[in-house]
Amino acid sequence: MTDFAISPEVLRATIAETLGAKAKSVTLALEEVTVVVGAADYIEAALLLRDAPGCRFEQLIDLCGMDYSDYREGEWQGERYCVVTHLLSVSLNQRVRLKVFAPNEDLPVVDSLQPVWNAATWFEREAFDLYGIVFDGHDDLRRILTDYGFIGHPFRKDFPVSGHVEMRYDEEQKRVVYQPVSIEPREITPRVIREDNYGGGLH
C-alpha cells in the first residue's frame, strides 16, 4: 500500500472544506480524489488547490479533453465537453483529478490554466487541436498534433474514423497535396465462434 503524507480520505475532506461551494462534487474511488467544479469557478478552485495549506498541488502533470456525447452508450445527460486535469502534490505525496465541463457545446470554452501552472501550455493546445475546446487566456492557442490545413477535431465522437481528406506526395507538383479520402467506409462485424469447446473449454 502506498505511503501518503495524509490519507486519501483526509485529503478528500480537506479539499471539500477548502473549495466549499466551488466544488460540485468531491469523490474518492480507488484511493484517488476527483473534484468537479463549474466553469465560472475553475481558476479560483485551481488556485486554492495549488496554494491552500492542506492541498499544495504544486505540479500539473496532465491535462486532456473528453467528449461525453457517447458516454455509456448515450446515457450521459450532462454537458458534452470536459477538461480533465491531474495534479500532483509533492509535499503530500498525493494526486487529485480536477474536472470542468464547458457550458456551451457549440463553442466549448473554459479558462486557461496557464497563469496557475505554465505546464498547461502544450496540454491545452493538444485538447484544442483534438477536441476543439477553446482555452480563454491562453497566449498561443494553435494546433500542435495535426497540420495547419487540417479541418475538424479528430477526437470528437462525431469525427469520421477515416477522416475527411488524405494527403500524398505529388511528383508533378513536387509537394504534398490533399485529396478526398479513398477508403470506403464499412461496417466491421466481429466473427462469432459457434464451435463447441472452442479453445479447449471445459467439458
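The model is predicted, so local features need pLDDT of at least 70 and side-chain atom pairs count only at pLDDT 80 or more, while totals for chains, interfaces and linings use all residues. Numbering starts from 1 along each chain as its sequence is written, and side-chain values use heavy atoms, with hydrogens and water left out.

**Fold**

The protein has three helices and nine strands. Helices (H or I, at least four residues) and strands (E, at least two) are DSSP runs, numbered from the N terminus. Their order from the N terminus is α-β-β-α-β-β-β-β-α-β-β-β. Contact means heavy atoms within 4.5 Å. Among contacts between residues at least 6 apart in sequence, 52% join residues at least 24 apart.

Of the 203 residues, 33% count as buried. Buried means under 20% relative accessible area, exposed over 50%, and partly exposed in between (1.4 Å probe, protein chains only). The protein exposes about 13,100 Å², and carbon and sulfur atoms supply 52% of it. Accessible areas come from the Shrake-Rupley method with a 1.4 Å probe; for residues, only the protein chains shown count as cover.

**Cores**

A nonpolar core is a set of buried Ala, Val, Leu, Ile, Met, Phe, Trp, Tyr and Cys residues joined through side-chain atoms within 4.5 Å. The largest one holds 35 residues, of which Ile15, Val35, Tyr42 and Leu113 touch the most other members. Helix H1 (8-19), S1, S2, H2, S3, S4, strand S5 (94-101) and helix H3 (120-131) each supply at least two residues of this core. Another core, of five residues, lies apart from it and includes Tyr68, Cys82, Val84 and Phe101.

Leu113 has contacts beyond four places in sequence with Tyr42, Ile43, Ala46, Leu60, Leu63, Thr85, Ala120 and Glu124.

**Surface patch**

Val165, Met167, Tyr169, Val176 and Tyr178 make a nonpolar surface patch of about 490 Å². Strand S8 (165-170) and strand S9 (175-180) each give two or more residues to the patch. S8 gives the largest share, three residues. Tyr169 is found in S8 and is partly exposed, at 45% relative accessibility. Like charges are joined within 9 Å, and nonpolar side chains (Val, Leu, Ile, Met, Phe, Trp, Tyr) within 5 Å.

**Cysteines**

The structure holds zero disulfides, a disulfide being a pair of cysteine sulfur atoms within 2.5 Å. Cys64 is partly exposed, with a relative accessible area of 26%. Cys55 counts as buried, at 0% relative accessibility.

**Positive phi**

Most residues other than glycine have a negative phi. Two exceptions are tabulated below.

| Residue | Phi | Loop between |
|---|---|---|
| Glu31 | about 65° | strand S1 (23-29) and strand S2 (32-37) |
| Arg56 | about 55° | helix H2 (42-51) and strand S3 (59-67) |

Glu31 is partly exposed, at 35% relative accessibility. Arg56 is also partly exposed, at 35%.

Arg56 is a contact of Ser89, which also touches Cys55, Phe57, Glu58 and Gln94, leaving aside neighbours within four places in sequence. Ser89 lies in strand S4 (residues 81-89). Ser89 is buried, at 0% relative accessibility.

Note on methods: Patches are made of residues with over 30% relative accessible area and no salt bridge: like charges are joined within 9 Å, nonpolar side chains (Val, Leu, Ile, Met, Phe, Trp, Tyr) within 5 Å. A salt bridge is a side-chain nitrogen of Lys or Arg within 4 Å of a carboxyl oxygen of Asp or Glu.
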